[in-house]
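Open the model in a viewer and keep the sequence panel beside it. The stops below say what to select and what is there.

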Amino acid sequence: MFKSFIRLSLVAFAIPLLSFGDVEWLYNGSNLITEQNVESGSRGWILKVSANGAGFLQCTGIQQSGTNVAGSVTSRRFLDMDAPIKNAAGAEFKINKLAKSLFYKNTAIDTVRLPSSITVLSYNLFREAPNLKQVYMDSRKIKSFDYYPFYNCNALTNISTLVFDEVTLIRDSAFDSCDNLVADIVINNDKVTFGTSICSGTKIKSFTINGDYKGNIPRSMFYGCKALTYVQFSTSEVSRVTSIGECAFYNCSALATVKPFVFDRLTSIGKSAFDSCKNLKGDFVNTYKGNVSIGASTFYLSKVSSVRFDGNITSIGASFLREAKSVTNLYFASTSSTMDVGESFIYGCSGLKTLHMPSHPKSFGKLSFGTLNNRQM
């Protein structure tokens, strides 16, 4: 079995993290990459790989000093998966695929540099790796996220960059429950599909799509992202978003701006979409002319200044604008005379001056107009 040498000691912790020391992997042609440490007291890694095409390998597993790292390994350290790989003849190889659950519940890793040639973040890749703090990757080349690649990585505080140029798919819970992850996400591609809860519960500060996104905002996408201040789904003046799922921005207490806040294709808003967004400001406008359904607690406790719907409202849930004390104008171009309006519809909107509803709904819930001082019909 061929072996190569890795020269990495505690000194590596004092140098910039993009430099992982003098590392070289040697592929022995028997589905193993082996390495050995020169420095005493540090532990080595073994990568299990399989051929994946001309010059490419798939990483199917990892071991540390012969011990399965899914077990209780106490030594935590870097793993550089982008280091040069050569065989005995000097031919170079690249890892371009990572097996599912490769680092799932891994207790040994705290910092990883992913291969620069990968384009897919695989299912459960780092899920519930309790000591993972930093991940370095070439995000501009990433094309898709499978389910749960970073789910519940509570120690994760930094990913080298989160600018995506080619991503077209981000499945459910990509960064969900990474409670300490601080980052700005920029997507330079509007042809992308999102799953649910992709970064709920994180400390993501901003989320920007540069383009003209025409999809939906899935349920709980930013649920509880209390550090999130800015969201942009389009660089145009009008958003092409088709629906906003329930709890999409629920309890994003720092969120001040959703850009653009004018929609022309929005057919539905799920319950609690902007509930408890206590700093959300602006004039919400939906110019879509068709039928629109509105869930409960849409703008509960927000600071929106006005709300306008140009389409036909088929339903309005309870507490739609409850305690939104900054709203001054509420306009519905068309409302159904057969619909029911939920209770506490505009309860506590003490700053409301104008309410326009051309058709009287079938019924209003209790306390629909409670504590209004300046309402005009």
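The tour starts with the whole chain and then moves through single strands and residues.

**Before selecting anything**

This is a predicted model, in which local features need a pLDDT of at least 70 and side-chain atom pairs count only at pLDDT 80 or more, while totals for chains, interfaces and linings use all residues. Residues are numbered from 1 along each chain as its sequence is written, and side-chain values use heavy atoms, with hydrogens and water left out.

**Stop 1: the whole chain**

Colour the chain by pLDDT, the predictor's confidence in each residue on a scale from 0 to 100. The mean is 86, and 85% of the residues reach 70 or more. Now select residues 37-42, where the pLDDT is below 50; this stretch has 12 contacts in the model beyond near neighbours in sequence. Contact here means heavy atoms within 4.5 Å. Residues 66-74 also have a pLDDT below 50, with 16 contacts beyond near neighbours in sequence.

Switch to a cartoon view. The chain has 0 helices and 33 strands. Both are DSSP runs numbered from the N terminus: helices are H or I with at least four residues, strands are E with at least two. Of the 377 residues, 49% count as buried. Buried means under 20% relative accessible area, exposed means over 50%, and partly exposed lies in between (1.4 Å probe, protein chains only). Among contacts with a separation of 6 or more, 51% come from residues 24 or more positions apart.

**Stop 2: a sheet of four strands**

Select β13, β15, β18 and β20. In that order these 4 strands form an open sheet with parallel pairing. Two strands pair if DSSP finds at least two bridges between them. The edges are β13 (120-121) and β20 (193-194), each with a single partner strand, so one side of each has no neighbour in the sheet. Inside the sheet, 2 bridges join β15 (residues 144-145) to β18 (residues 169-170). Which residue of β18 is the bridge partner of Phe145? The partner is Ile170.

**Stop 3**

Arg308 lies over the face of the Tyr331 ring, at 4.0 Å from the ring centre. A charge sits over a ring if NZ of Lys or CZ of Arg is within 6 Å of the ring centre and within 35 degrees of the ring normal. Elsewhere, the charged end of Arg127 sits over the ring of Tyr148, 4.6 Å from its centre.

**Stop 4: aromatic pairs**

The structure holds 29 aromatic pairs. Rings of Phe, Tyr and Trp (its six-membered ring) pair if their centres lie within 6.5 Å; planes under 30 degrees apart count as stacked, over 60 as edge-to-face and the rest as tilted. Select Phe284 and Phe299: their centres are 5.2 Å apart and their planes at 65°, so this pair is edge-to-face. Phe284 is in β27 (residues 283-286) and Phe299 in the loop between β28 (291-294) and β29, so the pair ties together parts 15 residues apart in sequence. Phe284 is buried, with a relative accessible area of 0%.

Next, select Phe309 and Phe320. This pair is tilted, at 6.5 Å centre to centre with 50° between the planes. Phe309 lies in β29 and Phe320 in the loop between β29 and β30, so the pair ties together parts 11 residues apart in sequence.

**Stop 5: the nonpolar core**

Keep Phe320 selected. The largest nonpolar core has 101 residues, and those with the most contacts inside it include Phe320 and Phe332. Such a core is a set of buried Ala, Val, Leu, Ile, Met, Phe, Trp, Tyr and Cys residues joined through side-chain atoms within 4.5 Å. The strand β29 gives the most to this core, with 4 residues. Select Phe332: leaving aside neighbours within four places in sequence, its contacts include Ile294, Phe309, Phe320 and Leu355.

**Stop 6: Lys226**

Finish at Lys226, in the loop between β21 (203-209) and β22 (230-232). Lys226 and Ala254 are 28 residues apart in sequence but 5.7 Å apart in space, C-alpha to C-alpha.
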